[in-house]
Amino acid sequence: MTASLSAAAALPSEIVQSPLPRLKITEIFTSLQGEADTAGWPTVFVRLTGCPLRCTYCDTAYAFHGGTWWDIDAIVAEVVAQGVHHVCVTGGEPLAQKRCLVLLEKLCDAGLDVSLETSGALDVSAVDPRVSRVVDLKTPGSGEMARNRLENLPLLTRRDQIKFVLCSREDYEWARGMVAGHRLNERSMVLFSPSKSQLSPRELADWIVEDRLPVRFQMQLHKLLWDDAPGR
């Protein structure tokens, strides 16, 4: 079930500076979680509008603009009404809207299992500690590697996950170096995913096995099941 949302235009300043307890939302829907440690669980997705990054492989560019203003309490009520335990706040880049932090706290208060999908370009220190932070470190192939906020890495715990979307062998070698150099596997679960149509999943799997990397290979279930259909 997808909440009906309009596509009114939004300026970036509106997204991050609204004085009201509300957020701009692209869609709210229930599907299977396609990745990370809750993959396969029925999950409510709350997709916030807006993102300051432009990754080469982005599959949610429709969330860059538009959306509808929702009161935060109304978002929580809609999520609870969907009737499942897991909720994922995603985007776009959800932390680009400052009141995303309030939404995360209220979803936790409602007794839900809450995860946050974030680009890793913004500060995650103020995120409620009950939330599982899935931090995406941007590779050279993403075109946004310079946006990585490495100050986030020491903040992460076993409750969190670090994700790399890999486009090439160059990306793999860079990510392998990051895992070793920052001892990321000792801090959080590390996830390696192939970028669809850019890197063969079998090739990536073979590299991980050959190098005995302490990372978890994953493919995005929602892409396998529904391709890139919005709201799935």
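Me: Why is Leu32 called partly exposed?

Reply: In this predicted model, Leu32 has a relative accessibility of 31%. Buried means under 20% and exposed means over 50%; Leu32, at 31%, therefore counts as partly exposed. Leu32 belongs to strand β1, which covers residues 22-32.

Me: What makes the nonpolar surface patch of about 410 Å²?

Reply: Leu32, Met219, Leu221, Leu224 and Leu225 make it. A patch residue needs over 30% relative accessible area, and the 31% of Leu32 passes that cut-off. Helix α6 (residues 221-226) gives the most to the patch, namely three residues.

Me: Why is Glu203 called partly exposed?

Reply: Its relative accessible area is 39%. Glu203 is in helix α5, residues 201-211. The C-alpha atoms of Glu203 and Arg169 are separated by 9.3 Å, and the two residues are 34 apart along the chain.

Me: Which residues have the most contacts inside the largest nonpolar core?

Reply: They are Val46, Ile75, Leu103, Leu107, Phe164 and Phe192, in a core of 45 residues. Helix α3 (residues 100-109) provides the largest share of this core, with five residues. Another core, of eight residues, lies apart from it and includes Cys55, Tyr57, Ala121 and Cys167.

Me: What is Val46 in contact with, leaving aside its neighbours within four places in sequence?

Reply: Among its contacts are Ile25, Ile28, Ile75, Val79 and Leu103. Glu27 and Thr90 are also in contact with Val46.

Technical notes. Residues numbered from 1 in each chain as written. Predicted model: local features only at pLDDT ≥ 70, side-chain atom pairs only at ≥ 80, totals over all residues. Heavy atoms only, no water. Patch = residues over 30% accessible without salt bridge, like charges linked within 9 Å, V, L, I, M, F, W, Y side chains within 5 Å. Areas by Shrake-Rupley, 256 points an atom, 1.4 Å probe, with all protein chains shown as cover. Salt bridge = Lys/Arg side-chain N within 4 Å of Asp/Glu carboxyl O. Helix = DSSP H or I, 4+ residues; strand = E, 2+ residues; numbered from the N terminus. Buried < 20%, exposed > 50% of the residue type's maximum accessible area, 1.4 Å probe, protein only. Core = buried A, V, L, I, M, F, W, Y, C linked by side-chain atoms within 4.5 Å. Contact = heavy atoms within 4.5 Å.
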